[in-house]
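Take a moment to look over the chain below. Then follow the text from the whole to the details.

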Amino acid sequence: KQWYQRRVREFQTFQHYFKRINLSNRMFQSRAEYDRGVNVFSPEGRIFQVEYAIEAIKLGSTAIGVQTKEGVCLAVERRITSSLMIPSSIEKIVEVDEHIGCAMSGLIADSRILIDHARVEAQNHWFTFNEKMSVESVTQSVSNLALSFGEYDRNSMSRPFGVAILMAGIDENGESVLLHMDPSGTYLKYGAKAIGAGSEGAQATLEEQYHKSMSLDEGIKLCLTVLKQVMEEKISSTNIEVGVCRKEAGSKFHLMKKDNIDDILKTL
């Protein structure tokens, strides 16, 4: 009888031990599921897919924006991976409306969806209200689209957009604006901002050298100086792109020509 009771206790001990192992395995599997789900928070209160999208941006080209009282400028690195590649086909700065431009870093295919949406929203606002849409309103409409990932809708993305954008322009009241938006849909105003592969070093340099009283020409020179520091290849008018929105020029956004970029690079 004692032998039998001892065997029963040993069996209960092993049974309890295996239950604990199965429970721990289930907990591990469930935590791994949070890694894949885009609509579920982890127990730590994080959405991992959004964090992974933010990490993907750090693999993209470096983009820099500077806002001044005279206007706003954007500068982006073009990564030319082959001598057979035509540099002009690489578009990292685009016009959203005649007074708004946008620079991007990350998955460019994703950015096209956001840019097309921003253009449609800006034109709809102009047709409806007969006035230009503000830079912040355009950014907010893009943010709403960026937040619609994971919804059970054919028009929405099944994952977060793997792109960060710098939206720059001049509102009708004459105020120059620079906004940054990340894959989480969060957008903030900045005086100067860097995104992409060399963003950490570039942002540190901007914090040291940027000041609110600088002119737009000084802002353009600052963008190119910072790009020169963080780029792996030698900077030239071929492997960078610069966009400017100046109050004196009727607040119209335009891309700088190669000759003008070369003239500035010679002064660096």
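Of the 268 residues in the chain, 45% count as buried. Keep in mind that this is a predicted model. The accessible surface comes to about 15,500 Å². Carbon and sulfur atoms account for 51% of that surface.

Now trace the chain. Its secondary structure comes to seven helices and ten strands. How do the contacts join up along the sequence? Take the contacts between residues at least 6 apart in sequence: 63% of them join residues at least 24 apart.

Next, go inside. The largest nonpolar core has 28 residues. Which of them touch the most other members? They are Val138, Ile165 and Met167.

Pick out Met167 and look around it. Leaving aside residues up to four places away in sequence, Met167 touches Val96, Ile100, Gly101 and Cys102, among others. Its contacts also include Val135, Val138, Thr139 and Val142. Val177, Leu178 and Leu179 touch Met167 too.

There is also a second, separate core. This one has 26 residues, including Cys73, Ala202, Cys223 and Val226.

Turn now to the charged side chains. The structure holds seven salt bridges. Here are some of them.

Start with Arg78 and Glu241. Their side chains meet in a salt bridge at 3.7 Å, N to O. Arg78 lies in the loop between β2 (71–77) and β3, while Glu241 lies in strand β9 (residues 240–246), so the pair ties together parts that are 163 residues apart in sequence. Are these two residues buried or exposed? Both Arg78 and Glu241 are buried.

Lys132 and Glu98 form another salt bridge, at 2.9 Å, N to O. Lys132 sits in the loop between α3 and α4, and Glu98 in the loop between β3 and β4, so this pair ties together parts 34 residues apart in sequence. Lys132 has 27% relative accessibility, so it counts as partly exposed. Glu98 is partly exposed as well, with a relative accessible area of 32%.

Finally, find Arg46 and Glu51. Their side chains meet in a salt bridge at 3.0 Å, N to O. Arg46 has a relative accessible area of 36%, so it is partly exposed. Glu51, at 29% relative accessibility, also counts as partly exposed.

How values were computed. Residues are numbered from 1 along each chain as its sequence is written. This is a predicted model: local features need pLDDT of at least 70, side-chain atom pairs count only at pLDDT 80 or more; totals for chains, interfaces and linings use all residues. Side-chain values use heavy atoms; hydrogens and water are left out. A nonpolar core is a set of buried Ala, Val, Leu, Ile, Met, Phe, Trp, Tyr and Cys residues joined through side-chain atoms within 4.5 Å. Buried means under 20% relative accessible area, exposed over 50%, partly exposed in between (1.4 Å probe, protein chains only). Contact means heavy atoms within 4.5 Å. Helices (H or I, at least four residues) and strands (E, at least two) are DSSP runs, numbered from the N terminus. Accessible areas come from the Shrake-Rupley method with a 1.4 Å probe; for residues, only the protein chains shown count as cover. A salt bridge is a side-chain nitrogen of Lys or Arg within 4 Å of a carboxyl oxygen of Asp or Glu.
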